[in-house]
Amino acid sequence: MKIVAIRASIQHMALTKPYTIAYNTFTDVSIAFLEIELANGIIGYGSGSPAEEVVGETTATTVTNLQSAYLQSFVGKDIRHFQQLIFEANSKFPHLPGTLAAIDIALHDAFGKWMGISIAHFYGQKMESLPTSVTIGVKNLADTLDEAESYKSMGFRVLKVKTGLEVNEDIERVIALKKNFGDYFTIRVDANQGYDLSSLKQFLHAIKNQGVELIEQPLKVGEEAALLSLGLEERKLICGDESLKNAHAALNFAATNTYGIYNIKLMKCGGIMGAKEIATIAQNGNIDLFWGCNDESIISITAALHVAYSCPNTKYIDLDGSLDLAEDIVSGGFEIKDGYMKINAQPGFGFNKL
């Protein structure tokens, strides 16, 4: 089945509420969208929303690449060769994971729809559902507790608390959450590179008995070797995020047991094919997978769920990015019940164009 048309656009979307992390505050997001149409009228949808501060690519760059003459050269190609097309795109757009993710996701969606199979089933679905964490940005104590209460009323059971600006305030917030909600919430922490080794050790000591499940990227990119001064049990709690952009990094960190958990984001590694490479390295290194996201469309969030549920070493998901958008161009793809995310068995990724 031949590809007959390729269309790309960019949309600027408001967030339902602003949020703050260790190095920025966000109020809206720009997302690049891609449509790949087949001769029988099937359309595969992809999206790209890279974090410039992490991967060095802007969404404006993403959409420019998606509108390029190179991508138009895919017109006339057979969708059965979608994996080869993804391989070729990786050679054309190296180190541009937002561009590659949009292409990868759209080709997978078109192929799955043409084959009449969901992408999770195509790769072999290993699990039905997992609870997603929902994110509380860097806030004062009162606002942190208020937001946690609102998430409790929605049925969510896992919180990811952004930290990294002031370690003593971070400790206070985590202890207060435990005190006020007991064991109702599982708590994860994301420091977004906000600590040095001394602050990290202080934080680890203070929250030792607070039931924190994991800590994402506490140290700056390039300072990972300092983590080797921690004990192995402490490192098992540490999740690599901004440091873990591709399979090369995954292999290096696996060799030294730097991280006990790998955070995979399609917008860091360039889509499903790149994610599968990291996941395989992690599986062979007995490393758990934690699937994360930026503020993203349902399109790429659903794609991440499909690949996450096809990997046997997936243990955590943090795929709440589309919940932050005030609008989107698709609906469906997954459902959330009591905080658990479940995909449907429809062909491709199973979402519906609005």
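Q: With which residues is Lys 268 in contact, leaving aside its neighbours within four places in sequence?
A: In this predicted model, Lys 268 has its place in helix H12, residues 266–269. Once neighbours within four places in sequence are set aside, the contacts of Lys 268 are Val 54, Val 55, Pro 97, Asp 241, Glu 242, Leu 244, Lys 245 and Asn 263.

Q: Is Lys 268 buried or exposed?
A: The relative accessible area of Lys 268 is 7%. A residue counts as buried under 20% relative accessible area. Lys 268 is therefore buried.

Q: What distance separates the C-alpha atoms of Lys 268 and Tyr 195?
A: Along the chain, Lys 268 and Tyr 195 are 73 residues apart.

Q: Why is the protein described as being as compact as a globular protein of its length?
A: The protein contains 14 helices and 16 strands. For 354 residues the globule rule gives 20 Å, and the radius of gyration is close to that value, so the protein is as compact as a globular protein of that length. The radius of gyration in question is 20 Å.

Q: What percentage of the residues in the protein is buried?
A: The C-alpha trace spans about 60 × 45 × 35 Å along its principal axes. The protein exposes about 14000 Å², of which carbon and sulfur atoms supply 50%. Of the 354 residues, the buried share is 57%.

Q: Among contacts between residues at least 6 apart in sequence, what percentage joins residues at least 24 apart?
A: The count takes in contacts in the protein between residues at least 6 apart in sequence. Within that set, the share joining residues at least 24 apart is 74%.

Q: How far apart are the mean positions of the positive and negative charges?
A: The protein carries 30 positive and 41 negative charges. The mean positions of these two sets are separated by 5 Å.

Q: Which residues does Tyr 262 touch, not counting residues up to four places away in sequence?
A: Tyr 262 is one of the residues that touch the most other members of the largest nonpolar core. Not counting residues up to four places away in sequence, Tyr 262 touches Cys 239, Gly 240, Leu 244, Ala 250, Phe 253, Ala 254, Ile 278, Ala 282, Ile 287, Asp 288, Leu 289 and Phe 290.

Q: Which residues does Trp 114 touch, not counting residues up to four places away in sequence?
A: Trp 114 lies in helix H5. At 27% relative accessibility, Trp 114 counts as partly exposed. Its C-alpha atom is separated by 35 Å from that of Glu 242, 128 residues apart along the chain. Residues up to four places away in sequence not counted, Trp 114 touches Met 1, Leu 38, Asn 40, Ile 42, Ile 79 and Arg 80.

Q: How many of the residues of helix H14 are buried?
A: Helix H14 covers residues 298–308 and is mostly covered. Its buried residues include Ile 298, Thr 302, His 306 and Ala 308. The count of buried residues in H14 is 11 of 11.

Q: How far apart in space are Gly 339 and Ser 133, C-alpha to C-alpha?
A: Gly 339 is found in the loop between strand E14 (334–337) and strand E15 (340–343), and it is buried, with a relative accessible area of 2%. Leaving aside neighbours within four places in sequence, Gly 339 is in contact with Leu 130, Pro 131, Thr 132, Gly 155 and Phe 156. Although Gly 339 and Ser 133 are 206 residues apart in sequence, their separation in space is 7.7 Å.

Q: Is Gly 222 buried or exposed?
A: Gly 222 lies in the loop between strand E8 (212–216) and helix H10 (232–235). Its relative accessible area is 63%, and the cut-off for exposed is over 50%. Gly 222 is therefore exposed.

Terms used. Residues numbered from 1 in each chain as written. Predicted model: local features only at pLDDT ≥ 70, side-chain atom pairs only at ≥ 80, totals over all residues. Heavy atoms only, no water. Helix = DSSP H or I, 4+ residues; strand = E, 2+ residues; numbered from the N terminus. Rg over C-alpha atoms; globule rule 2.2 N^0.38 Å. Buried < 20%, exposed > 50% of the residue type's maximum accessible area, 1.4 Å probe, protein only. Contact = heavy atoms within 4.5 Å. Areas by Shrake-Rupley, 256 points an atom, 1.4 Å probe, with all protein chains shown as cover. Lys, Arg positive; Asp, Glu negative; His and termini not counted. Charge placed at Lys NZ, Arg CZ, Asp CG, Glu CD. Core = buried A, V, L, I, M, F, W, Y, C linked by side-chain atoms within 4.5 Å.
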